[in-house]
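This report goes through one predicted protein model, from single residues to the whole chain. Please keep the sequence and the structure at hand while reading.

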Amino acid sequence: YLQVAEVTSIGFLSPMVITLLSVIFLHEKIGIRRVVAIVIGFLGVLLITQPGFGAFHPAMLLALTSMLSGAIYNLVTRHLATRVHPGSLVISLAAVPSLLLIPPLLVVWQTPSSPLVWAGLIFMGAAGGFGHFLVMTAHRFATAATLAPYGYIQLIWTVISGYLVFADVPSIWTLVGAGVVVASGLYLFHRERVVHAREMAAAARS
């Protein structure tokens, strides 16, 4: 129902949601500048979804729910990355959903009709698992603020692959909204680095 670029751009709201959830669950403090960045990022998503202007599609709610789930996943990963070995986390994140999905799987299962489909499924699972392992390993050696900007490179590959595979041409509103969301996210991580440096300097002085 949606272009790949639209779904990815909505997913980029995740850093703002992570910042809000960190206040609730990790008791972190955020200043007025970061609050403004969160609001502007949300306005960027409104440019993409355009609720009430004919461009909104109910499937966008699925993309927003996926974004929220991803934000919670990243928050938990950030909390556990320095406490649990990445291999253990990957196994846990793969085993638990697999067990939970067995009952519905038995109802809707359709055997793939060709070796190519089997190969695609296996490759997707392997790539996803290896990607999670790399993310968790990276969080052991660098802060979330340092790593997060690299995620925005995904938008470039998303637009290119969406055009090559599905012939999707992003609308001007999708591109403008994505730019607003990315700029807000980058500013959020910039502020995190500034605040962290300030706290480290104060700790050194004391």
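## Thr-8 and its contacts

Leaving aside residues up to four places away in sequence, Thr-8 touches Gln-154, Leu-155 and Thr-158; contact means heavy atoms within 4.5 Å. Thr-8 sits in helix 1, where helices (H or I, at least four residues) and strands (E, at least two) are DSSP runs numbered from the N terminus. With a relative accessibility of 10%, Thr-8 counts as buried. On this scale buried is under 20% relative accessible area, exposed is over 50%, and partly exposed lies in between, using a 1.4 Å probe and protein chains only. The C-alpha atoms of Thr-8 and Phe-130 are separated by 20 Å, and the two residues are 122 apart along the chain.

The model is predicted: local features need pLDDT of at least 70, side-chain atom pairs count only at pLDDT 80 or more, and totals for chains, interfaces and linings use all residues. Residues are numbered from 1 along each chain as its sequence is written, and side-chain values use heavy atoms, with hydrogens and water left out.

## Overall layout

The chain has 9 helices and 0 strands. Its C-alpha atoms fill a box of roughly 65 × 45 × 30 Å along the principal axes. Of the 206 residues, 28% count as buried. Among contacts between residues at least 6 apart in sequence, 83% join residues at least 24 apart.

## The largest pocket

The largest pocket holds about 980 Å³ of space. A pocket here is an open set of points on a 1 Å grid over the protein atoms alone, where a 1.4 Å probe fits, with protein on both sides within 12 Å along at least five of seven lines; lining residues have an atom within 4 Å of a point. Grid points are joined across faces, edges and corners, and the volume is the space filled by probe spheres set on the points.

The lining of the largest pocket has 29 residues, and Ser-14, Gly-70, Asn-74, Gly-151 and Gln-154 lie nearest the centre. Two or more lining residues come from each of helix 1 (4–11), helix 2 (14–25), helix 4 (59–80), helix 6 (115–141), helix 7 (144–151) and helix 9 (172–205). Helix 4 supplies the largest share, 8 residues. By type, the lining divides into 15 nonpolar, 12 polar and 2 charged residues. In this count Ala, Val, Leu, Ile, Met, Phe, Trp, Tyr, Cys and Pro are nonpolar, Asp, Glu, Lys and Arg are charged, and the others, Gly among them, are polar.

## The largest nonpolar core

A nonpolar core is a set of buried Ala, Val, Leu, Ile, Met, Phe, Trp, Tyr and Cys residues joined through side-chain atoms within 4.5 Å. The largest one has 19 residues, and Phe-12, Leu-13, Met-16 and Val-17 touch the most other members. Helix 2, helix 3 (32–49), helix 4 and helix 9 each give two or more residues to this core, and helix 9 gives the most, with 5 residues. Beyond residues up to four places away in sequence, Met-16 touches Ala-37, Ile-38, Gly-41, Val-181, Ser-184, Gly-185 and Leu-188.

## Ile-48 in helix 3

Ile-48 belongs to helix 3 and, at 2% relative accessibility, counts as buried. Not counting residues up to four places away in sequence, Ile-48 has contacts with Glu-6, Ser-9, Ile-10, Met-60, Trp-173, Thr-174, Gly-177 and Ala-178. Ile-48 and Leu-175 are 127 residues apart along the chain, and their C-alpha atoms are separated by 8.0 Å.

## The loop between helix 8 and helix 9

Ala-167 is found in the loop between helix 8 and helix 9. Phi of Ala-167 is near 60 degrees, a positive value in a residue other than glycine. Ala-167 is exposed, with a relative accessible area of 57%.

Asp-168 is found in the loop between helix 8 (153–166) and helix 9, but counts as buried at 18% relative accessibility. Asp-168 touches Gln-3, Val-4, Gly-162 and Tyr-163, with residues up to four places away in sequence not counted.

## The aromatic pair

The whole structure contains 1 aromatic pair. The rings of Trp-109 and Trp-118 have their centres 6.3 Å apart and their planes at 45 degrees, so the pair is tilted. Rings of Phe, Tyr and Trp (its six-membered ring) pair if their centres lie within 6.5 Å; planes under 30 degrees apart count as stacked, over 60 as edge-to-face and the rest as tilted. Trp-109 is partly exposed at 45% relative accessible area, and Trp-118 is partly exposed at 38%.
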